[in-house]
Amino acid sequence: MENTPEKTEKTEKTEKVIRRLADLNTLVSLSKRRGFVFQSSEIYGGLGSCWDYGPLGSLMKLNVKRAWWNAMTRRSDIVGIDAAILMHPTVWKASGHVDGFSDPLVDCKDCKTRFRADNTDSYLTKKQCPNCGSKNLSEERQFNLMFKTHMGPLEDSASVVYLRPETAQGHFVNFMNCQQSSRYKIPFGIAAIGKSFRNEITPGNFIFRTREFEQMEMQYFVKPGTDEKFFNEWKERRLQFYLKYGIRQESLRFKPHDKLAHYARAAVDVEFNFPMGFSELEGIHNRSDFDLSQHAKFSGKNLEYFNEAEKEKYVPYVIETAVGCDRLFLAFMCDAYREEVTKDEKGAEDVRTVLAFHPDIAPIKVAVLPLSKKEDLTKIAEPLRDQLAEDFDTQYDEAQSIGKRYRRQDEIGTPFCVTVDFDTINDQAVTVRHRDKMTQQRVPIKELNGYIAAGLKNWNSTT
Ligand code: GAP
């Protein structure tokens with residue numbers, strides 16, 4: 001943006017910035033109103049904890065996934081895969097999910113509330129129902145979180161398959177396929193994005209915990225003995241990823257696990273300050289050689305890696321990074337949300353709501369706003385929208401005052417607004433307004449795509 005030819009003038013001033021972590025209700029209603037996230041099957045009263053991503057949400061979710069995917073796979077040591085949701089049922093025996101992937105469940109016999117015994121404070125401290133306070137409770141019983149279904153026409157025990165509760169097992173069972181087909185040497189990783197399903201006892205907090213969700217997981221296979229070094233490297237890399245995409249440092253913290261799973265050598269959560277407090281966004285785990293050893297045992301296949309140069313064989317250790325796409329989507333919304341009091345040149349105050357997304361995450365990159373609906377302008381503005389749509393996700397808006405249209409774009413986080421006015425007819429130039437600085441700049445139409453591309457790329461240095 002340094003080499004833009006025209007002068008910059010400020011027409012809207014930010015007088016006072018109120019920056020706050022939005023509460024969930026505000027985000028749920030903004031999401032519905034503007035088309036980010038809708039309740040699933042809403043016209044039928046909705047389905048518990050299931051959500052649909054709307055016109056803007058689906059665009060933004062693709063952006064979240066692309067950011068993660070590029071960070072993982074545009075490296076010389078990580079390949080991507082897209083494994084099936086349904087897997088051989090023995091996978092889940094080997095992984096421990098059939099026997100151990102369960103939460104302790106308690107029912108209140110009075111108000112019929114069902115809750116998890118292991119993370120409900122009032123139960124843990126006073127053995128009472130979190131809803132009505134009753135002590136008339138059932139015994140704790142283990143509830144397996146995997147969704148079961150049947151493959152083929154017979155619904156018998158031989159046809160049972162599970163909807164995967166994590167994408168990671170697709171990486172382990174494809175370890176040899178990926179290593180041999182890509183001819184990568186250890187250390188190397190396998191990354192994937194895909195749907196996972198967990199029959200959670202207490203889903204909630206909007207898209208934070210749902211029964212159907214998307215995971216972005218990467219398994220990094222390393223030589224035993226180097227695992228601690230790679231665990232620390234991945235911790236740092238994942239933190240840098242969040243900072244790069246605009247999440248504020250103070251919204252993030254690492255929380256080491258107090259209790260480790262029997263196979264884990266180290267585990268830490270990246271926690272984000274969600275409206276309900278700091279909670280897990282991502283897990284980073286040193287899983288030792290547990291997964292590959294289990295699959296070798298249950299499949300009868302040798303999953304050892306042979307290092308030709310050193311003439312050594314070993315079962316690799318795995319460093320795992322696992323983040324929920326939906327949870328990261330929510331974190332981006334929470335962190336980007338702000339309300340600002342602005343003053344125009346005459347001193348009139350206004351509050352604008354802004355989703356100050358990193359431009360790679362913002363669903364719409366540029367909006368085209370003709371100053372009037374008159375054909376003189378729309379016959380320039382409509383082809384201009386098509387010109388921009390070749391390179392960017394674009395919106396066209398000609399309804400109401402220009403100020404209202406700016407606010408509508410601020411609220412969905414659009415980095416640039418382009419105004420076509422009556423001068424455009426003569427000078428073939430448009431006014432480009434920057435979301436965060438609220439500066440305006442005259443740019444020739446023929447240079448516009450390049451100007452917007454450079455502005456999006458250099459956003460951090462220009463804000
Ligand atoms: N393979 C390891 C694994 O799945 P996890 O901590 O159970 O680890 C990883 O899950 C991430 O997936 C979590 O940090 C969270 O972001 C996301 N996740 C897990 N359960 C979820 C749910 N019910 N709803 C939304 N996201 C979930």
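User: Is the crossing of helix 1 and helix 12 left-handed or right-handed?

Analyst: This is a predicted model, in which local features need pLDDT of at least 70, side-chain atom pairs count only at pLDDT 80 or more, and totals for chains, interfaces and linings use all residues. Residues are numbered from 1 along each chain as its sequence is written, and side-chain values use heavy atoms, with hydrogens and water left out. The crossing of helix 1 and helix 12 is left-handed (the near helix is turned anticlockwise from the far one by less than a right angle; clockwise would be right-handed). Helices here are DSSP runs of H or I with at least four residues, and strands are runs of E with at least two, numbered from the N terminus.

User: Which residues of helix 1 and helix 12 make the contact?

Analyst: Leu30, Arg33 and Arg34 of helix 1 meet Arg408, Glu411 and Ile412 of helix 12, contact being heavy atoms within 4.5 Å.

User: How is a pair of aromatic rings described?

Analyst: One gives the distance of the centres and the angle of the planes. Rings of Phe, Tyr and Trp (its six-membered ring) pair if their centres lie within 6.5 Å; planes under 30 degrees apart are stacked, over 60 edge-to-face and the rest tilted. The structure holds 18 aromatic pairs. Among them, Phe172 and Phe221 are edge-to-face, at 6.5 Å centre to centre with 90° between the planes. Phe172 lies in helix 6 and Phe221 in strand 12, so this pair ties together parts 49 residues apart in sequence.

User: Is Phe172 buried or exposed?

Analyst: Phe172 is buried, with a relative accessible area of 0% (buried is under 20%, exposed over 50%, partly exposed in between, with a 1.4 Å probe and protein chains only). Phe221 is also buried, at 0%.
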